[in-house]
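Dear colleague,

I am handing over the structure below, and after it I set out what was found. Please keep it open while you read.

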Amino acid sequence: ADTSLGGYPHYLIKEIHEQPRVLARIARERLDGARQLADLIRHSYGTFLVGCGTAGYAALCGSYLFSRIARRHVNAVIASEFKYQEHFLTDRSLVIALTQSGETIDVIEAVHAAKRRGATVAALVNVTGSTVARLADFTIPLSAGPEQSVLSTKAYTAKLAILLLTAHILNGSEHVGLDTLWRAIEGMEMALAPATLDRIRAVADRLVDAQHCYVIGRGLSYPTALEAALKIKEVTYIHAEGFAGGELKHGVIALIEDGSPCLVFSPLDETRADILSGAMEVRSRGGWVIGISPEPDEAFHVHIPVADVGDASPLVSIVPAQLLAYELAVRRGLDPDKPRNLAKSVTVK
Ligand code: G6P
């Protein structure tokens, strides 16, 4: 396996750029796996997506995708919290573990709990031969290649791609799912192109000394907001918080002062009008609003354009946030691949 930097200064930026290729491979090679996963979900009585950190946000996003695309309720649970919910499990439950390494102790324990109760365990895992891959009844390899940076990027979008396909298969719209995934791959290429990067760099220049950063999204973009904030805090140590747009008025708006940066995810879906009105609220209180959206809006001080890719918006919208986190880390003189206090996989409690 190629674990060298291949001309990039850091693994983080290399792995961000690998995403279109990883997703293209999934579109070509993981349809069968997604079909089998859809079958397991169809026949289960209660499905749980579990993961930690970035994989936990992929689980949450999966729950939105299944609801929206397949009209199917799938629970998303943070793996470390799963033991407090395991009382729901029966031998008809399906637990889908999401994990890059397959070695995260909280995920392994969730899998053991599921097995003790006779549930079926499926896994979306990047490292084949890992503990979770061995324990699961059914595994879909992410095949994202080695993820060396502590921050998870390509494993995240790989999981989303498989969940998107699975949701469409469950809905009987496999072709639409595949088309959407290919559109998302093109959209990712656009997000990685120099024109977009210039805008992200300008935002990074302005945010380099920021102490706080807020991130909002609704619906499919709510997990994206959480994941974007995680990327920023992990690698820049800026206090970044992601929120559901609707929660602004329930507390967050109190934090906004002159110049407070706020990232707003606003795809062209049913969340648009409400998220933009939230963005306007932030702006009118002095906030500095960065809109990640296919269309500009008067609420945005800076507009970072992304492709309109329908249901696949979480796969594309996260890319500018990953790039922003990277650019900020570099400007702050930090090592993007080895943030302080964090480990690539947390294998002990
Ligand atoms: C650690 C890493 C994160 C990762 C999480 C889950 O906290 O720093 O990047 O998302 O573990 O890891 P996993 O290997 O289970 O996906």
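Helix H9 (residues 194-207) lies across E6, E8, strand E9 (288-293) and E10, and runs at about 145 degrees to E10; helices (H or I, at least four residues) and strands (E, at least two) are DSSP runs numbered from the N terminus, while axes are lines fitted to C-alpha atoms, for helices over the stretch in contact, with angles from 0 to 180 degrees between N-to-C directions. This is a predicted model, in which local features need pLDDT of at least 70 and side-chain atom pairs count only at pLDDT 80 or more, whereas totals for chains, interfaces and linings use all residues. Residues are numbered from 1 along each chain as its sequence is written.

The strands belong to an open sheet of 5, in the order E7-E6-E8-E9-E10 with parallel pairing, where two strands pair if DSSP finds at least two bridges between them. Strand E7 (239-244) and strand E10 (302-305) stand at the edges with a single partner strand each, so one side of each has no neighbour in the sheet. On average, neighbouring strands of this sheet are turned by 20 degrees against each other, direction ignored.

Strand E6 (residues 212-217) and strand E8 (residues 261-265) run parallel and are joined by 3 bridges, and Ile216 has Val264 in E8 as its bridge partner. Leaving aside neighbours within four places in sequence, Val264 is in contact (C-beta atoms, placed from the backbone, within 7 Å) with Ile216, Ile275, Ala279, Val289, Ile290, Gly291 and Ile292.

Kind regards

Key
Contact = placed C-beta atoms within 7 Å.
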